[in-house]
Amino acid sequence: MTTLCFAGQPALAAGAKAKPAAQAASSPEVAPAVADVSGASGTNSPADDGAVKLVADGTKAADAPDNAGNSASSTAKNAPVAEQAQSKDDSGDGSDNAVPDNNGANAAPGAGDAAVPVDDAAKGAQADENTAKTPDGSQVAPVENVQPANGETGDAVATQVEPQPPFSPELVIDRARELAKKPFEDPRRELPAALADLDAAQYAKIKFKKDQAFLKDTATGFSMELYHPGYMYDVPVGINLVKDGKVNPVPYSSSLFDFASTGLSDNNVGAQGYAGFSLKYPLDSVKSNEELASFLGASYFRVMGRDQVRGPLARALAVDLAGPSGEEFPVFREFWVEQPTDPWGTVTVFALLDSARVTGAYQFDISPGERTVASVKATLFFRDQIQKLGIAPLSSMFLFGEQKRRHFDDYRNEVHNSDGLLIHNGQGEWLWRPLDNPKNLQISSFLDQNPRGFGLMQRDRNFDHYQDASAHFEKRPGYWIMPKGDWGKGHVELVEIPSPDETNENIVAFWVPDAKPKAGDELEISYDLTAMSDGRELHGMARALDTRIAPVPGGDEDNGGIHRFMLNFRGGDLDYYMGDIANLQADISASNASVSNIRVVEDKENGGVRIMFDLAGTGETPTSNLRAFLHYKDRVVSETWTMPWAF
């Protein structure tokens with residue numbers, strides 16, 4: 001049974017290779033999802049150049065009928081595996097280049113049009129057999145040696161036989177448009193057994209030789225390293241370097257990698273192409289060299305800021321995620337990476353996306369810093385209609401937290417990459433939704449128009465709450481999406497998948513426009529993705545930081561009993577109002593349930609205040625949607641805490 005809760009604040013507030021996650025969880029029976037659907041009626045503003053717009057027939061997404069929230073009990077498939085290796089240093093222990101287990105690459109349609117590789121073993125072949133193809137099909141002269149000479153950069157330089165037009169973003173857009181007119185071809189390739197049989201730990205031992213890094217330039221600080229195919233990464237992607245408008249494809253060379261720890265050698269791997277790449281940058285200090293961004297597996301990518309470790313993932317697009325027909329995984333087929341020229345500035349990556357029903361041209365302008373920002377622009381072309389299009393999807397892991405909804409026998413008090421979903425809706429309201437590892441698949445939809453932002457955040461930055469000196473969950477970045485232009489009507493969707501351990505990315509959040517693109521449509525989208533700390537700089541209101549829940553003896557067990565909720569709010573101007581705490585009140589609402597014993601007390605130990613209330617079922621439905629926020633007289637002083645509850 002689906003419970004809908006329209007979550008605009010009341011008038012008072014308005015005045016102010018691993019197994020897919022669903023399978024890894026021992027294939028739990030999927031019960032009807034608890035869906036909290038929050039409605040917001042925003043103002044229709046004219047679309048600007050960054051707007052979400054269906055341009056094939058001139059219909060904007062904002063003009064589509066409001067039909068969000070119709071699906072609430074779909075199963076999610078092929079959820080990626082959570083990141084385990086977190087170190088960013090170059091200690092040589094394998095952690096720096098450990099695979100960012102982005103599942104979906106082996107189960108999804110993916111890359112293609114990759115340059116035909118030129119292996120060292122082919123050097124003795126005849127001239128006509130030793131001619132490589134560029135990713136767009138043109139011939140280039142054979143590359144005799146991709147190693148850098150005399151200490152220069154590791155850029156593989158291919159001499160083009162035929163003159164090529166200067167590179168421009170329009171070339172990638174044209175490629176995507178033409179690709180959409182052709183039938184989809186699965187680009188996955190069967191890997192040699194020696195590579196296909198590697199597990200995650202073995203695959204992580206394949207090291208790119210750091211002295212062979214591409215794009216290396218002390219004037220800009222950037223460099224690029226490559227990922228070798230293997231394990232579940234069986235889609236060869238084309239990788240091109242762009243300098244002064246000229247495109248130089250990077251032919252495959254096994255000599256760029258160290259296979260010693262795997263027992264393989266560069267003479268017998270028999271691979272073709274690359275699996276992806278990572279960009280490095282001195283994030284933590286002027287002499288360091290940390291991972292800034294990586295693209296590996298399907299359309300997954302990640303960006304990181306200063307003093308952050310690998311945690312959540314982003315991806316270009318989600319198609320029918322948690323839908324009844326099963327998820328379709330778009331993939332990046334080819335990349336163009338521009339040689340940075342701005343000292344300590346921005347690096348730009350272009351990517352060609354392909355899937356059974358959609359193609360796309362992406363541009364990522366990545367600006368490193370304490371809060372690294374990736375400005376994303378995409379032009380999508382649809383081969384066929386898509387029922388649920390997921391824009392700006394974010395993936396993370398939540399095993400358990402302080403609310404202890406499920407018991408785990410673990411020495412750690414909390415295990416998660418993110419602890420909540422933050423939404424800034426079109427009405428200007430800030431919503432905080434704590435994450436959960438539910439017993440059954442759970443889908444929550446937050447209706448909105450022209451959203452101002454959403455993201456998966458890691459608010460708890462206290463090491464003592466995790467006590468994991470290897471994973472460092474307190475250093476996982478929060479990912480914040482800020483739309484550009486008018487995204488129209490739709491909803492933010494949160495999918496929570498049951499998971500028995502921390503190896504599964506069981507949390508996904510994304511924007512779903514009401515307008516369903518059909519065959520022949522084009523869609524333009526742009527947004528900023530920021531890798532930040534706990535997100536406290538996003539707004540100046542008090543924030544909900546802790547959610548603790550405990551049963552109260554003596555309740556009606558047939559209706560789920562009574563549970564006591566304790567919510568800690570801190571920050572903003574809350575301290576200012578503490579001098580008159582008697583007039584600092586909590587607004588609590590719960591659908592199909594009764595709320596009693598509401599109290600607001602000073603939290604002398606942690607700072608701020610603690611809201612406490614008891615929740616009891618009424619027997620009308622087995623689920624409820626809860627909301628709570630603080631106000632002083634007629635002024636709202638906190639964000640709105642919200643979560644679903646199953647009795």
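By buried I mean under 20% relative accessible area, while exposed is over 50% and partly exposed is in between, with a 1.4 Å probe and protein chains only.

Before going on, a word on what we're looking at. This is a predicted model, so local features need pLDDT of at least 70 and side-chain atom pairs count only at pLDDT 80 or more, though totals for chains, interfaces and linings use all residues. Residues are numbered from 1 along each chain as its sequence is written, and side-chain values use heavy atoms, with hydrogens and water left out.

Now, the rings. There are 33 aromatic pairs in the structure. Rings of Phe, Tyr and Trp (its six-membered ring) pair if their centres lie within 6.5 Å; planes under 30 degrees apart are stacked, over 60 edge-to-face, and the rest tilted. Take phenylalanine 208 and phenylalanine 257: the ring centres are 5.6 Å apart and the planes sit at 80 degrees, so that's an edge-to-face pair. Phenylalanine 208 is in strand β5 (residues 207-208) and phenylalanine 257 in strand β9 (residues 257-258), so this pair ties together parts that are 49 residues apart in sequence. Helices (H or I, at least four residues) and strands (E, at least two) are DSSP runs, by the way, numbered from the N terminus. Both phenylalanine 208 and phenylalanine 257 are buried.

Back to our opening residue. Tyrosine 632 pairs with tyrosine 577, and the pair is tilted, with 5.0 Å centre to centre and 40 degrees between the planes. Here too distant parts of the chain are linked: tyrosine 577 belongs to helix α6 (residues 574-577) and tyrosine 632 to strand β35 (residues 623-632), 55 residues apart. Tyrosine 577 is buried as well, at 6% relative accessible area.

Ring pairs can also build a cluster, and one such cluster links Phe277, Phe295, Phe301, Phe332, Phe335, Tyr362 and Phe364.

On to the cores. A nonpolar core is a set of buried Ala, Val, Leu, Ile, Met, Phe, Trp, Tyr and Cys residues joined through side-chain atoms within 4.5 Å. Which members of the largest one touch the most other members? Out of 86 residues, they are Met224, Leu226, Phe277, Leu279, Tyr362, Phe364 and Ile366. Leaving aside neighbours within four places in sequence, isoleucine 366 has contacts (heavy atoms within 4.5 Å) that include Leu279, Phe295, Val347 and Val373. Apart from that core lies another, of 33 residues, with Leu422, Trp430, Val609 and Leu615 among them.

Next, a sheet. It's an open one of 4 strands, ordered β30-β31-β34-β33, with antiparallel pairing; two strands pair if DSSP finds at least two bridges between them. The edges are β30 (543-552) and β33 (593-602), each pairing on one side only. Strand β31 (residues 562-570) is joined to strand β34 (residues 609-617) by 8 bridges, and arginine 564 stands opposite aspartate 614 in β34. β33 and β34 make a hairpin with 6 residues between them, and glycine 607 in the turn has a positive phi of about 90 degrees.

Last stop: is proline 166 buried or exposed? Proline 166 is exposed, with a relative accessible area of 61%, and sits in the loop between β4 (139-140) and α3 (169-180). Lysine 246 is 80 residues from proline 166 in sequence, yet 5.7 Å from it in space, C-alpha to C-alpha.
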